[in-house]
Amino acid sequence: MSTESISRRSRARRGFRARQEARTGWLFMAPFAALFILVFLVPIVISVRAAFFAQKPAGGGLFGGGELVDTFVGFDNLAAAATNEAFWIGMGRVVLYGAFQIPVMIIAALALALLLDSFLVRRPAFFRLSFFLPFAIPGVIAAMIWLYLYTPEVSPFIPFLPAGTDFMAPGTILASMANMTTWTYTGYNMLIFLAALQSIPRELYEAARIDGANGFQISMRIKVPMVRGAALLAVLLSIIGTIQLFNEPVIMEGANSWMGLDYTPMMLTYNSMMGELSPSGSGPASAYSLLLAVIAGLLAVVYAFAQRRKAN
């Protein structure tokens with residue numbers, strides 16, 4: 001058998017093996033791809049389509065009263081959403097909320113991760129689970145727990161605070177909700193930082209100790225700079241989550257009607273969909289959703305670009 005023939009057979013076997021591995025890979029990926037399309041891409045397409053339609057009466061004659069049908073309205077829903085003053089007032093509240101909540105949460109999460117990665121904690125698994133546990137509580141349940149703690153008539157600790165303390169006053173309610181979110185998500189972000197810290201080569205720490213660095217110097221000069229990617233991820237997720245602020249204000253609004261049904265953009269979107277606010281229906285609600293998605297994307301891109309320029 002010639003060398004050329006052997007080479008052709010070898011290439012054919014490698015090609016067959018590569019195709020077989022590719023088919024196996026696609027088979028393993030097929031369930032995820034199907035679910036991804038079904039629960040992610042399809043709702044996006046439906047929402048985008050709905051943003052260009054509105055329910056209007058048709059066939060009612062001179063005196064109206066016709067059946068509501070989906071009618072193509074072009075960019076009318078998007079224009080109404082973009083010019084709605086309540087939407088931008090709510091967005092201003094959300095931006096203010098995130099401006100002080102996100103830094104506090106990220107710094108606290110990084111501090112906890114550095115503490116667990118140090119030699120000061122003897123049982124890191126126990127504390128890791130304890131810090132993460134609030135994230136396992138459903139958001140609505142957590143908000144209801146904090147509402148109970150904030151309500152003066154039933155709160156177990158407000159009677160021991162200075163007279164007149166009101167966690168649900170107009171001037172403090174954003175900070176109260178920020179405390180709820182920080183309590184819930186600090187442990188989640190801590191795990192992001194902790195995973196990044198544990199991937200750092202331990203040889204760097206040993207070299208730093210040989211050079212005379214103490215634990216604090218190692219944390220500030222080696223650990224913190226090397227978790228910059230994790231910090232970027234945590235902040236980006238926090239920005240997207242803040243734009244979608246919903247559970248906390250909805251629960252708080254149940255006890256503080258002065259907040260209104262449009263206190264945040266997500267509340268405005270939900271109540272428009274449910275017919276509690278005008279314009280109502282899936283069309284206006286989808287327009288608000290698309291506008292929120294664009295704003296969240298822009299904020300995330302701006303932050304990522306600023307961090308990249310700072311790193312360079």
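Helix axes are lines fitted to C-alpha atoms over the stretch in contact, and angles run from 0 to 180 degrees between N-to-C directions. This is a predicted model, in which local features need pLDDT of at least 70 and side-chain atom pairs count only at pLDDT 80 or more, whereas totals for chains, interfaces and linings use all residues. Residues are numbered from 1 along each chain as its sequence is written, and side-chain values use heavy atoms, without hydrogens and water.

Helices are DSSP runs (H or I, at least four residues), numbered from the N terminus. Helix α4 (residues 124-136) packs against α6 at an angle of about 130°, and their axes lie 6 Å apart. That angle makes α4 oblique to α6; oblique angles are those left once under 35 degrees is counted as roughly parallel, over 145 as roughly antiparallel and 65 to 115 as roughly perpendicular. On the side of α4, the contact (heavy atoms within 4.5 Å) involves Arg128, Phe131, Phe132, Pro134 and Phe135. Among the α6 residues that take part are Trp183, Tyr188 and Leu194.

The largest nonpolar core has 24 residues. Such a core is a set of buried Ala, Val, Leu, Ile, Met, Phe, Trp, Tyr and Cys residues joined through side-chain atoms within 4.5 Å, where buried means under 20% relative accessible area with a 1.4 Å probe, protein chains only. Elements giving two or more residues to this core include α3 (85-116), α6 (173-198) and α9 (228-243), and the largest share, seven residues, comes from α3. Phe193 is one of the residues that touch the most other members. Beyond its neighbours within four places in sequence, Phe193 is in contact with residues including Ile106, Ala113, Val227 and Ala230.

Note on methods: Buried < 20%, exposed > 50% of the residue type's maximum accessible area, 1.4 Å probe, protein only.
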